[in-house]
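This report describes the fold of one protein chain for a reader who is new to structural analysis. Please look at the sequence and the structure before reading on.

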Amino acid sequence: MPMMEPGHERGTRARVARLILEHGPVAAAALGERLGLTPAAVRRHLDALVADGMIEPRMVRPRGQRGRGRPAKLFAITDAGRSAFEHAYDDLAGSALRFLAERMGQEAVTDFARAQVLGLLKRLEPVMRTVPADQRVQVLAQALSAEGYAASASKAKSGGDQLCQHHCPVAHVAAEFPQLCEAETEAFAQLLGTPVQRLATIAHGDGVCTTHVSPQKLGESAHRDKSKETGR
């Protein structure tokens with residue numbers, strides 16, 4: 001029966017993996033300096049992480065050395081390693097939202113979800129005011145891609161546009177707390193200045209988060225109607 005690995009060993013190994021995730025590809029010597037580990041200890045943790053498929057070694061020739069010298073051995077996170085960290089974040093986020101819902105109710109979760117997209121609104125609202133209406137969906141897709149959502153924009157056959165997000169970093173949490181998707185949809189409508197409708201979400205088991213964006217003329221018409229109502 002194999003001996004269980006001490007807790008401090010697992011903790012140190014997790015710190016090594018996190019540094020590679022945040023700063024990689026990185027050399028073993030640099031990891032040792034950052035964590036105060038001996039070369040032997042670093043090699044032991046790196047070998048274990050490679051065996052688990054969490055990281056992979058890469059040979060990189062130093063800049064300025066054209067064919068001279070030995071390539072440097074660097075370590076980079078793998079897709080499996082990145083996924084492991086994402087699931088860990090999901091578990092923590094889910095626990096925090098469950099705690100919030102139990103202590104303060106579902107309205108507090110909704111407020112939290114809206115606060116999460118506030119940063120996107122603040123960054124993009126000034127930009128959207130300078131972008132032609134027919135280019136706003138594309139600009140939004142680019143902004144979402146920069147945040148890890150792998151988004152794309154295209155014309156919808158039924159009119160308007162279609163915004164697709166091929167990856168969702170919070171999908172597992174959003175499956176339990178749909179307020180996250182709802183707040184994001186509200187933000188899209190506010191940024192684009194026209195009604196939007198969620199057709200599919202990764203959180204509900206669909207392959208892609210798909211949002212239909214109504215034609216800008218419809219948004220302008222709704223804005224005029226609202227202005228008339230408030231002007232009465």
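Is Ala-150 buried, partly exposed or exposed? Ala-150 counts as partly exposed because its relative accessibility is 36%; buried means under 20% relative accessible area, exposed means over 50%, and partly exposed lies in between, with a 1.4 Å probe and protein chains only.

## Basis of the report

The model is predicted: local features need pLDDT of at least 70, and side-chain atom pairs count only at pLDDT 80 or more, whereas totals for chains, interfaces and linings use all residues. Residues are numbered from 1 along each chain as its sequence is written, and side-chain values use heavy atoms, with hydrogens and water left out.

## The chain as a whole

Nine helices and seven strands are found in the chain. These elements are DSSP runs numbered from the N terminus, where helices (H or I) have at least four residues and strands (E) at least two. Of the 232 residues in the chain, 36% are buried.

The chain has an accessible surface of about 14600 Å², and carbon and sulfur atoms account for 54% of that area. Such areas come from the Shrake-Rupley method with a 1.4 Å probe, and for residues only the protein chains shown count as cover. Among contacts (heavy atoms within 4.5 Å) with a separation of 6 or more, 49% join residues 24 or more positions apart.

## The sheet of four strands

Four strands form an open sheet in the order E4-E5-E7-E6, with antiparallel pairing. Two strands pair if DSSP finds at least two bridges between them. E4 and E6 stand at the edges with a single partner strand each, so one side of each has no neighbour in the sheet. On average, neighbouring strands of this sheet are turned by 25° against each other, direction ignored.

Strand E7 (residues 209-213) is largely enclosed by the rest of the structure, because five of its five residues are buried. In a regular strand the side chains alternate between the two faces of the sheet. In E7, Cys-209, Thr-211 and Val-213 point one way, while Thr-210 and His-212 point the other way. E7 pairs with strand E5 (residues 161-165) over five antiparallel bridges and with strand E6 (residues 196-200) over four antiparallel bridges. Val-213 of E7 is the bridge partner of Asp-161 and also of Val-196.

## Helices around this sheet

Helix H6 (136-146) lies across E4, E5 and E7 and runs at about 165° to E4. Helix H8 (179-192) packs on the sheet, where it touches E5, E6 and E7, and its direction makes about 140° with that of E6. For these angles, axes are lines fitted to C-alpha atoms, for helices over the stretch in contact, and angles run from 0 to 180 degrees between N-to-C directions.

The axes of H5 and H6 come within 11 Å and cross at roughly 145°. Leu-120, Leu-124, Val-127 and Met-128 of H5 meet Arg-136, Val-139, Leu-140, Ala-143 and Leu-144 of H6 in this contact. The buried residues of H6 include Arg-136, Val-139, Leu-140 and Leu-144. After H6 comes Gly-148, with a positive phi near 95°. Ala-150, in the loop between H6 and strand E4 (151-155), also has a positive phi, near 45°, although Ala-150 is a residue other than glycine.

## Nonpolar cores

A nonpolar core is a set of buried Ala, Val, Leu, Ile, Met, Phe, Trp, Tyr and Cys residues joined through side-chain atoms within 4.5 Å. The largest one has 32 residues, and Leu-140, Leu-144, Leu-163, Phe-188, Leu-191 and Leu-192 have the most contacts inside it. H4, H5, H6, H7 and H8 each supply at least two residues of this core. A second, separate core of 15 residues includes Leu-31, Leu-46, Met-54 and Phe-85.

Leaving aside residues up to four places away in sequence, Phe-188 touches Leu-120, Leu-140, Leu-144, Leu-163, Gln-165, Val-196, Arg-198 and Thr-211.

## The sheet of three strands

Another open sheet has three strands in the order E1-E3-E2, paired in the antiparallel sense. Strand E1 (26-27) and strand E2 (55-60) are its edge strands, each pairing on one side only. E1 and strand E3 (residues 72-77) are joined by two bridges, and Phe-75 of E3 is the bridge partner of Val-26. Helix H3 (residues 39-51) lies across E2 and E3 and runs at about 110° to E2.
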